Every structure is written in C-alpha cells, then in structure tokens.
Amino acid sequence: MKTLRSSLSSLIYHSKQWFGRTDAGVRILCYHRVNDQDRSYLSVPISDFEEQMRFLWEHEYETVSLAVPVSLPLVARNGGGKKPIVITFDDGYRDNYENAFPIMSKFGFKGVIFLIVDRMGSDHFLTKDQIKEMSQAGFEFGSHSRSHLDLASLEREGKYHEISSSKSLLSNELGMDIRFFCYPCGRYDQESVASVKEAGYLGACSNDPGSNNGKCDPYLLKRTEIAPHDSLYDFEKKLAGAYDWVHKTLHVIRGRP
Ligand SMILES: [Zn+2]
C-alpha cells in the first residue's frame with residue numbers, strides 16, 4: 001500500500017512539474033510529536049524533522065501565521081520572494097519545546113501549537129512556562145478543545161463546552177489571545193464549524209488535505225500531515241501537493257470528513 005501511494009504521488013509530482021503546474025496557495029503542515037523514543041504514527045524522528053526544516057530553509061520558505069491563509073488576498077504572491085508556509089503541531093506535546101523549538105529557531109522558523117486544555121502541564125505535555133517562552137519567541141498557540149473528544153459525536157452544548165470554554169480558559173491561563181481552533185482528530189460537522197465561528201475564533205484547521213488558495217473556507221483550513229516514515233523525497237512531494245489526491249481518497253475510504 002505504501003509503495004502504491006509513493007508511486008502514485010511520484011507520478012503526480014512529475015506530471016505537475018512537466019506541465020509547469022505550481023502549487024498555489026499556502027500549505028499548512030501538520031505534526032504531532034518530534035522525538036526518537038515514541039515510535040507511534042504521531043512521532044517524527046528528530047533527525048528527519050531537522051532535515052525537513054533544512055529543506056524548507058534551503059528552498060526559501062518562510063513560516064507565516066495562520067492569519068495569512070485566513071486573510072486570503074495575502075495569499076497571492078507576485079513572483080519572487082520567499083514561499084509562505086505554516087507549521088502546526090497538534091496536542092501540545094512537551095517534545096515540541098524540547099526538540100522542535102530549538103531546531104526551528106535555528107532556521108528562524110515559528111510554529112503554531114494547538115493545546116488540549118485538560119492535558120496542559122501533565123506528563124509529556126507542555127507546561128505554562130514552556131508555552132510562554134515559545135510565545136515570546138514568536139510561536140502562536142491555539143485551542144485543540146478541552147479534552148480532545150470527537151466533536152461530531154457531541155450534542156450542541158457539549159460542542160460549545162469544548163470549543164468556546166477552551167478559548168476563554170486558555171486566554172485566562174496564559175494571558176494571550178487564542179485566535180485559532182483545530183478540530184480533534186480532524187473530525188467536525190456543520191454544528192462544530194458554526195460553534196467555532198460563534199466562539200469568536202478567526203479560523204480553524206481541519207485535517208482535510210490540500211493547500212489553501214483564494215477559495216478556502218477559513219474555518220476549514222486544509223493541512224498536509226507529515227508522517228514518521230516520510231523520506232525527504234516524500235516531504236518534497238507533499239509540499240508540491242502530489243499526495244493530496246492520495247490522501248483525499250484515503251479519507252473517503254476511512255470515512256473521515
Ligand atoms: Zn489531536
């Protein structure tokens with residue numbers, strides 16, 4: 001299956017290059033953990049992460065805030081200049097501070113981290129001091145709900161609790177503006193999206209694959225998931241959008257939104 005995915009994406013990648021089709025819009029990368037101990041599908045090894053950041057730096061990418069894909073007119077680039085990209089991390093793991101933060105800082109990159117309120121400060125998750133230090137260095141923090149429940153399975157009141165109260169709790173605890181939301185496990189329904197708007201967020205990240213161009217919904221921003229087994233060539237293909245179609249098909253097969 002992995003070989004089939006890789007071959008298909010290579011075919012798409014080379015045909016895009018052949019026809020000169022560049023990837024318009026802003027791509028938002030999605031990571032969870034960066035470490036060498038945890039071998040789950042959520043963890044990218046440290047040396048791979050560093051290699052990926054170096055690739056972005058060498059290819060003249062610059063990290064931008066999520067406000068850029070939300071403010072659509074800014075997306076259009078007039079040739080030249082650096083390429084905008086957003087680097088996000090879900091769940092707020094402590095290794096984001098220990099491993100990803102120093103590597104990204106070395107290349108002048110900043111990220112966006114989505115916190116789960118109830119896990120903040122517990123084992124393996126970021127502490128308030130770590131969050132404040134990263135925030136002072138230019139990282140942004142958003143809400144990934146209170147307890148990481150499947151929002152689509154909750155009643156309206158439960159959704160409101162997870163989405164709206166997580167915003168005010170994080171703002172009060174951290175003393176910072178919480179402008180963006182991220183749907184836990186990428187699962188949402190129309191009521192969840194409406195609740196995110198009602199709660200006053202500027203936008204929200206889904207796990208739907210693709211880049212964000214002038215037509216994107218700021219409350220359903222698309223992302224590109226980076227997996228532990230990705231080679232640098234896979235990473236390059238993902239940046240070029242060559243995996244989007246493969247991921248869309250997989251989401252349909254797996255019944256994801
Ligand atoms: Zn999550």
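Trainee: Let's start with glycine 25. Is glycine 25 buried or exposed?

Mentor: Glycine 25 is buried, because 20 other C-beta atoms sit within 10 Å, and 20 or more is what it takes to count as buried. Keep in mind that this is a predicted model.

Trainee: Okay, and where is glycine 25 found?

Mentor: In the loop between helix 1 (2-18) and strand 1. Check proline 69 too: that residue is 44 positions away from glycine 25 along the chain, yet the two C-alpha atoms are separated by 7.8 Å.

Trainee: Let's move on to strand 1, then. How many residues of strand 1 are buried?

Mentor: Five of the five, residues 27-31, so strand 1 is largely enclosed by the rest of the structure.

Trainee: Which residues are on each side of strand 1?

Mentor: Arg27, Leu29 and Tyr31 are on one side, with Ile28 and Cys30 on the other, and both faces are covered. That every-other-one pattern is what you'd expect, because side chains in a regular strand alternate between the two faces of the sheet.

Trainee: Nice. Which strand pairs with strand 1 over five bridges?

Mentor: That's strand 5, residues 83-91, and the pairing is parallel. If you want a pair to find on screen, leucine 29 has isoleucine 87 of strand 5 as its bridge partner.

Trainee: And what about strand 10, how many bridges join strand 10 to strand 1?

Mentor: Two, and those strands run parallel as well. Strand 10 covers residues 224-225, and its glutamate 225 stands opposite cysteine 30.

Trainee: What about glycines, which glycine takes a positive phi just after helix 8?

Mentor: Glycine 241, at about 85 degrees. In helix 8 itself, residues 232-239, the buried residues are Asp234, Phe235, Lys237, Lys238 and Leu239.

Trainee: New topic: isoleucine 113. Where is the place of isoleucine 113?

Mentor: In strand 6, residues 112-115. Isoleucine 113 is buried, with 27 other C-beta atoms within 10 Å.

Trainee: What does isoleucine 113 touch, leaving out residues up to four places away in sequence?

Mentor: Phe89, Gly92, Asn96, Phe139 and Phe141. Take Phe89: it is 24 residues from isoleucine 113 in sequence, but their C-alpha atoms are 4.8 Å apart in space.

Trainee: Now helices 6 and 7. At roughly what angle do the axes of helix 6 and helix 7 cross?

Mentor: Roughly 45 degrees, and the axes come within 9 Å. The two helices are therefore oblique to each other, and their crossing is right-handed.

Trainee: Which residues make that contact?

Mentor: From helix 6, Arg156, Lys159, Tyr160, Ile163 and Ser164; from helix 7, Glu191, Ser192, Ser195 and Val196. By class, that's three nonpolar, three polar and three charged residues.

Trainee: Last one, the whole chain. How many helices and strands are there?

Mentor: Nine helices and ten strands. Of the 257 residues in the protein chain, 42% are buried. And among contacts with a separation of 6 or more, 68% are between residues 24 or more positions apart.

Methods: Residues are numbered from 1 along each chain as its sequence is written. This is a predicted model: local features need pLDDT of at least 70, side-chain atom pairs count only at pLDDT 80 or more; totals for chains, interfaces and linings use all residues. A residue is buried if 20 or more other C-beta atoms lie within 10 Å of its own, exposed if 12 or fewer, and partly exposed in between; C-beta atoms are placed from the backbone. Helices (H or I, at least four residues) and strands (E, at least two) are DSSP runs, numbered from the N terminus. Two strands pair if DSSP finds at least two bridges between them. Two residues are in contact if their C-beta atoms, placed from the backbone, lie within 7 Å. Axes are lines fitted to C-alpha atoms, for helices over the stretch in contact, and angles run from 0 to 180 degrees between N-to-C directions. Angles under 35 degrees count as roughly parallel, over 145 as roughly antiparallel, 65 to 115 as roughly perpendicular and the rest as oblique. A crossing is left-handed if the near helix is turned anticlockwise from the far one by less than a right angle, and right-handed if clockwise. Ala, Val, Leu, Ile, Met, Phe, Trp, Tyr, Cys and Pro count as nonpolar, Asp, Glu, Lys and Arg as charged, and the others, Gly among them, as polar.
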